[in-house]
Amino acid sequence: MTTRRLATDRFRQLRRRILPVHPPSTLDQGLQARWLDVCAAMAHLSTLERTALVMTALEGASYDEAAVVLGTTAGALRAAVSRARTKLETA
């Protein structure tokens, strides 16, 4: 549970760094729109899917490492990441 919160916090931190709350007027509008789309799509993921995706894709953890931290199997984690990617691609 704590790890999921840490991963969610990390995602929020990255979001703030990439797209500040009050973006400068020089920020490319297309980039801003895409980022907002990603944020909206991530909100539709389950906690496990979002955490697994953040840990493996953004933090660079292996499936085995992330599975140990999350208390699940590497296979279940792979399935969660696969579902998350599918949901993001179709969003």
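Which residue forms a salt bridge with E49, with the closest N and O atoms 2.9 Å apart? That's K87, and the views below, taken from a predicted model, start with this pair.

**View 1. K87 and E49 pair up through a salt bridge.** The closest N and O atoms here sit 2.9 Å apart. K87 belongs to helix 5 and E49 to helix 3, so this contact ties together parts that are 38 residues apart in sequence. Side chains of opposite charge can pair when their charged atoms come close.

**View 2. E49 also makes a salt bridge with R83.** This time the closest N and O atoms are 3.0 Å apart. E49 is in helix 3 (residues 47–58) and R83 is in helix 5 (residues 74–90), so the pair links parts that lie 34 residues apart in sequence.

**View 3. Buried or exposed: how do E49, R83 and K87 sit?** E49 is the buried one of this view, at a relative accessible area of 3%, which falls under the 20% cut-off for buried. R83 is partly exposed, with a relative accessible area of 39%. K87 is partly exposed too, at 37% relative accessibility.

**View 4. E49, R83 and K87 make up one network.** What joins them is salt bridges that share partners: E49 pairs with R83, and K87 pairs with E49. The count for the model comes to two salt bridges.

Terms used:
Residues are numbered from 1 along each chain as its sequence is written. This is a predicted model: local features need pLDDT of at least 70, side-chain atom pairs count only at pLDDT 80 or more; totals for chains, interfaces and linings use all residues. Side-chain values use heavy atoms; hydrogens and water are left out. A salt bridge is a side-chain nitrogen of Lys or Arg within 4 Å of a carboxyl oxygen of Asp or Glu. Helices (H or I, at least four residues) and strands (E, at least two) are DSSP runs, numbered from the N terminus. Buried means under 20% relative accessible area, exposed over 50%, partly exposed in between (1.4 Å probe, protein chains only).
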